Amino acid sequence: MDGLASTLGFIAGFFPPDLSPAYLLALAGPVLETLGMTFGAMLLASVLSLPVGLYLGLGGPGAGVVRAVLSGVRAIPDLTLAILCVIFFGIGPGAGLTAIAVFYTAAMSKNFGDLFATAPPGPVAALRATGARPVAVALYALVPLKSRDLLTYASYEVECALRASVIIGAVGGGGLGAELVGTLNAFDFQRSTTLILVLIVLVAAIDQITLRLRARPVWLLALVPPSALALWLYLPAAPGLGFALQTVGGMFPPQLDAGDWAALPALIWETVRIAVLGTALGAALALPMGLASTRGLSPAILAVPVRRLLEALRAVPEVVFGLILVATAGVGPTAGILALGLHSGGCLGRLFAESFENVRPGPVQAVAATGARPLTVAAYATAPLALGPLAVHTLFRLEWNLRQATVVGMIGAGGIGQALFQAQQLFFYQKMMAYLLITWVLVLLVDRASAWTRRRAGWMELAPEEMAAG
Amino acid sequence: MTRHDRYQFTRRGFLGTAIAAGSVAAAGPLMAADTPLRIGMVPDAGATQVSVEAKAPLQAYLEKALGRPVKLIVPTNYNATVEGLGNGSLDVAYLGGLTYVKAHKRYGAVPLVQRKTDREFHSLFITRAGSGITKLADLKGKSFAFGDVNSTSGHLMPFHAMKAAGIDPETDIKARFTGSHPATIKAVEAGVVAAGACDETVFHQMVKDGKVDPAKVTVFYTTEPFVDYVWVARKGLDDATRTAIVKAFTALTPETDSKVLDILRGTEFVKADDKEYDLLRDTAKQAKLF
């Protein structure tokens, strides 16, 4: 293909970004919509998941079943949930809000449950011994003991949800995502760049705000009134539920014809390939960038710009990279691999740097004392010492990327995601449901396999943002 | 969409449709005059909700003709537009031929009006000048861009034309969906794909606006005529509004409404009829798209 030249030409088309005051002003609407649906959904999700999390934490009857249901909901890719919500409730932030609320209620309930389960047993047992009922134990022991952890974790989730809201907008959920897809379809690439910059700034701002808030978590409560307002504005109308149930009914029984079954193994293989190669690319990018941004190893003149670059890569979700690459480099797994690789590079780079910073100082100092140069210190002390954590982070990323591979598939990168999206677009909903169920089982299996491996190897601890992302 | 509009819509939702429907019946035209008419636009002409300002003359014209506020909603894909007619978030929508027959079957969408040219519409097969592609048979083994998977002129009819010419679009070419006509045209111009198929009115408009160079991108095949775009109403939309919409469009003349007609890329509107789409339905079934 005369691809490279044209791809470069396309990339040039993204610059300079359209920073005209008129356009930036016009973007206030989509930005408010994106923030509104994120915060509205997160308020709803927090309120719903607190009691469920407490129930799980106290180990109420049937907690295992609840946990299984939550894992099941979490394994549905967020983009698929968004597509369903658009079908049920119509185009706009109402659909996006509902999709985010459902996904994060499941995710937060489960993780709240895990947090409560790790509450120090002393105070809980003491309260129980007084004959207090479970509700009292929850309110007077679990919540106060864990309030700080809850708020910390919830603030990480808000960041994730903001990125998710952009993805969801891309399929009709309103806000910045819808605008981004529109500009790409119109080949208005300079405006696409503007939108990506807006996204990076938004994520960085939320990051800074939540960082401050984590120091004084009570201030998180200040977010409640605006979130409640957004929820009130965007929550879909109740009559939509009847239509939703009827439409879901039309998706059963799931059905694939003989040709679809024959093509299925190749589709699954393509999705797995996108995930594995995307993770490999991410790790390959993260290793040098992680080293270059490690405090105490790399000079500030190098570390600071690399850290900013990693932040930018993290701020842009896989799907957004995917949308751009699909529009420019064309449809296919290469676009998917690059999309996953770039975002994973940003995430892993930061985690790798933290792993390097946390290695035992002794051996590093010993090598440095020989007069070795920084690169030698990195190669013979820092990197080998950090190998374990690096492997854990990469494994976790692989698990995450398998889910994302189905999502980037939906926007044209191929594999089972693309088959699912095509069936949905053409209104072949029984076929779509079949692909959805297959994807769902696939993700559940990988989740299980990954959890099992981690347990076997004794790698249980995840960084809070990994916990939030998962 | 403004927050105010949404607020109204949501409030109506909370009150429940029964109450809303009751009050519409009781208050009659008074209530109808207050609620905006929600119109879903075509996604594959490459517009966004922010750039919808470019369609302000159309909105103003319809508001005046219908005597009530009009809200233009730009979806990101056709599926969302059709489902909008089903879930009641859209009152009127602009659909392609293929999406119309789907919306008619699924949700009883009612055809209202269309451009005279929509009765005899064509898809264009385009390639880069000097590519050596001069006929459909030359496409074998080449990369090719369709528009939206649900597009009549960007997918269904070109698919049909290729089949008729002995090319199997599923095995003989490397096909991709760009999602929109402008994207297809740009992809061909940039050489990302060897050839593509698109809507004739979008191509001519882009040439006219200087957005594509006709010396660089050439048409090498034009399909047989077929019936395409149509404005439709959701099943439950009242007769008076339907009639008013038909009247508003058929009254457009190039002398007085050139700005509106430019947006619609047409010159004259006629009443639409479901029967016109029978042939298209057959074609869609053969292509397994319906």
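Which residues of helix H11 (residues 224-234) of chain A are buried? In this predicted model, the buried residues of the helix are A:Ser227, A:Ala230, A:Leu231, A:Leu233 and A:Tyr234. Viewed down the axis of H11(A), these buried residues fall within an arc of 165°, and they therefore line one face of the helix. Elsewhere in chain A, A:Arg308 is placed in helix H14 (residues 300-315) and counts as partly exposed, with a relative accessibility of 47%. The C-alpha atom of A:Arg308 is separated by 9.5 Å from that of A:Ser293, the two residues being 15 residues apart along the chain.

The contact between the two chains takes 49 residues from chain B and 51 residues from chain A, and together the chains bury about 4,000 Å², 61% of it on carbon and sulfur atoms. On the side of chain B that touches chain A, at least two residues each are supplied by helix H1 (3-15), helix H5 (78-87), helix H6 (97-107), strand E7 (174-177) and helix H9 (181-190) of chain B. By class, this side of chain B has 18 nonpolar, 19 polar and 12 charged residues. Across the interface, 9 residue pairs are found in polar contact, whereas the number of salt bridges found there is 0.

Over all chains, the structure holds 22 salt bridges. In chain B, the side chains of B:Arg106 and B:Glu83 meet in one such pair at 3.5 Å, N to O, and this pair links helix H6, which holds B:Arg106, to helix H5, which holds B:Glu83, across 23 residues. B:Arg106 is partly exposed at a relative accessible area of 33%, while B:Glu83 is buried at 0%. A further salt bridge joins B:Lys116 and B:Glu268, with the closest N and O atoms 4.0 Å apart; because B:Lys116 lies in helix H7 and B:Glu268 in the loop between helix H12 (258-264) and strand E11 (269-271), the pair ties together parts that are 152 residues apart in sequence. In helix H9 of chain B, B:Glu189 and B:Lys186 are 3 residues apart and thus separated by about one helical turn, and their side chains form a salt bridge at 3.4 Å, N to O. In chain A, a network of salt bridges links A:Arg67, A:Lys110 and A:Asp114.

Helix H7 (residues 116-119) of chain B is also the place of B:Asp118, which is buried, with a relative accessible area of 0%. Leaving aside residues up to four places away in sequence, B:Asp118 touches B:Phe226, B:Val227, B:Asp228 and B:Tyr229.

Methods
Residues numbered from 1 in each chain as written. Chains lettered and ligands numbered in written order. Predicted model: local features only at pLDDT ≥ 70, side-chain atom pairs only at ≥ 80, totals over all residues. Heavy atoms only, no water. Buried < 20%, exposed > 50% of the residue type's maximum accessible area, 1.4 Å probe, protein only. Helix = DSSP H or I, 4+ residues; strand = E, 2+ residues; numbered from the N terminus. Arc of directions from axis to C-beta. Contact = heavy atoms within 4.5 Å. Buried area = accessible area lost by both parts, 1.4 Å probe. Polar contact = N/O pair within 3.5 Å; in protein donor to acceptor, adjacent residues only side chain to side chain. Nonpolar A, V, L, I, M, F, W, Y, C, P; charged D, E, K, R; others polar.
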